[in-house]
Amino acid sequence: MLGSLDQLAEAVIEADVCVVGAGPAGITLALSLADLGREVVLLEGGGLAPPGPEELDLYAGEVSGRKYPLRASRLRFFGGTTGHWGGWSRPLDPIDLAAKPHIPFSGWPLERSGLDPWYAQAHQWLEIPANEYFGDRAPPFAGNLLPATLGLTTRYFRFSPPTRYGTAYRDRVAESLRVRCYLGANATGLERAGEGRIRAVFARSLQGKQLEVRARNVVLAMGGIENARFLLNSAEQTDTAIGNHSDWLGRGFMDHPGWSPGTVISQDKLAYHQFTHEEQLVMPVLGIADDVLMNERLVNCCGILHPVSFDENIEKAYFSNPWSGGLGAAGEVSSYRLQLIFEPSPCRASRVDLTEQRDALGLRRANLHWTFNDYDFEMLERSISLINAYLGQTGMGRLKLVKPVNESTVKAPIGTGLHHMGTTRMSAAPSEGVVDADCRVHGFDNLYIAGSSVFPTVGFSNPTLTIVALACRMANRIDQELSRA
Ligand SMILES: Cc1cc2nc3c(=O)[nH]c(=O)nc-3n(C[C@H](O)[C@H](O)[C@H](O)COP(=O)(O)OP(=O)(O)OC[C@H]3O[C@@H](n4cnc5c(N)ncnc54)[C@H](O)[C@@H]3O)c2cc1C
């Protein structure tokens with residue numbers, strides 16, 4: 001059932017599970033729970049049409065750290081930010097979930113193999129028919145790639161069409177007998193039922209209609225900034241905001257930064273572009289082998305090679321310089337802009353907190369302070385050196401450095417993936433995070449968080465495939481809990 005909160009007669013309704021937010025996390029979860037026989041209320045703040053200024057204003061806030069498009073990086077309507085996502089997909093690598101001695105606060109409380117069955121389902125939700133990423137071996141259809149040696153390797157991306165959840169799953173939600181989805185229903189608060197339990201979710205439309213949802217379980221799936229903002233706002237009712245037992249709530253905000261250090265010139269035509277294989281798009285990227293990430297104390301990163309016909313940053317004389325290895329004249333070599341997507345490390349100072357300003361629903365607005373640990377840039381610099389050395393040692397090419405890592409370049413604006421991660425991080429110990437390995441808020445029986453805010457570390461893979469995998473897994477966990485109760 002898909003309806004509007006403003007047209008609902010009741011002021012109080014009940015459900016097995018109340019899911020807040022109808023993006024990919026919330027819709028996957030609600031429909032999966034319904035398939036398992038559970039009664040779900042799905043609250044969506046926006047409507048079916050792309051959000052207007054009034055809805056988007058609820059996302060307005062302040063930015064005190066690095067420049068960040070707080071409003072433009074998310075959508076508030078049915079289907080969430082998949083209304084304009086790009087569909088780039090790949091699972092996290094097993095090493096992304098491992099604790100690394102050189103990265104404080106790294107390590108998930110679960111192993112990648114524990115996510116494998118859920119990744120298989122996530123590919124179906126995102127309409128990516130194949131779930132195969134080829135390990136370190138180049139698939140037979142791949143074109144000319146740099147050889148996997150000296151610590152460099154190849155990784156692969158796949159692509160969702162991209163699935164727009166608002167259109168792809170609208171009919172299933174509307175026709176479901178077990179999901180009641182209310183549009184224009186903005187969650188504004190939670191009611192506690194004593195220690196460690198939530199009794200109800202309060203919601204309101206912008207026209208003022210109010211609703212109370214009494215549910216056995218509550219899941220927040222409002223996106224990586226709103227999940228934290230919503231919980232931080234709960235400090236208005238209680239001394240400590242729900243989920244802030246460890247002072248991690250809102251902290252550890254991460255996005256995937258992009259950095260283009262320069263131009264790769266190569267004698268060979270390299271094939272780091274999208275291929276169609278069995279009617280599906282696949283794209284190879286440069287990667288760093290796991291043992292090198294650990295031994296050289298690096299974060300994960302990948303290199304995308306964009307063909308450029310002529311790079312004005314390279315003077316013609318460069319090609320005849322003996323240092324360039326006699327690769328050939330400017331017209332005889334291929335050149336590529338190297339774009340690195342690197343993994344930021346968890347940083348407590350990078351955070352969402354609250355301003356004194358309030359939105360139309362009375363909730364305090366977000367302030368985003370996006371920043372990095374200094375050692376992220378040291379690791380980036382070492383990764384660039386590694387790629388440079390690799391190209392030279394294999395004789396495959398050279399890297400002409402245009403944007404080195406230095407004091408002024410690291411302060412300049414940096415590109416982002418618009419991925420909001422880390423603000424309600426997962427941890428084994430309550431003192432190191434907000435949710436446990438089941439994405440349940442530490443210290444609560446029936447409050448869960450879905451979405452990339454639970455990622456404690458993020459690899460370089462785009463987040464949505466993992467968000468959807470975790471939502472599938474969560475549906476299964478909640479169903480088991482309900483059966484036990
Ligand atoms: C331009 C762009 C390109 C991207 N490209 C990629 C890509 O190629 N690959 C990739 O993996 N990711 C990509 N992303 C990120 C991707 O869109 C997100 O990872 C994904 O949408 C997050 O899903 P979610 O369900 O957690 O949150 P969202 O999609 O943000 O959904 C949250 C939902 O909650 C609702 N909501 C918020 N607050 C409330 C409230 N108080 N009450 C009720 N409802 C509420 C919102 O209206 C929304 O429907 C891109 C993002 C952008 C902006």
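**Close-up 1. Helices α3 and α11 cross in a right-handed manner.** Here right-handed means that the near helix is turned clockwise from the far one by less than a right angle. This is a predicted model, in which local features need pLDDT of at least 70, side-chain atom pairs count only at pLDDT 80 or more, and totals for chains, interfaces and linings use all residues. Residues are numbered from 1 along each chain as its sequence is written, and side-chain values use heavy atoms, without hydrogens and water. Residues 116–125 make up α3 and residues 464–484 make up α11; the two pack at an angle of about 115°, with axes 8 Å apart. Axes are lines fitted to C-alpha atoms, for helices over the stretch in contact, and angles run from 0 to 180 degrees between N-to-C directions. Helices (H or I, at least four residues) and strands (E, at least two) are DSSP runs, numbered from the N terminus.

**Close-up 2. Helix α1 covers residues 24–35.** Its 12 residues reach 16 Å from first C-alpha to last, close to the 16 Å expected at 1.5 Å a residue (1.5 Å times one less than the number of residues). Because 11 of the 12 residues are buried, α1 is largely enclosed by the rest of the structure. Buried means under 20% relative accessible area (1.4 Å probe, protein chains only). Among the buried residues are P24, I27 and L33. Just after α1, G37 has a positive phi of about 95°.

**Close-up 3. Three strands form an open, mixed sheet in the order β4-β17-β16.** β4 (61–63) and β16 (351–358) are the edges, each with a single partner strand, so one side of each lacks a neighbour in the sheet. Strands pair if DSSP finds at least two bridges between them. Antiparallel β16 and β17 (residues 364–369) are joined by five bridges, and R358 has R364 in β17 as its bridge partner.

Key: Buried means under 20% relative accessible area, exposed over 50%, partly exposed in between (1.4 Å probe, protein chains only).
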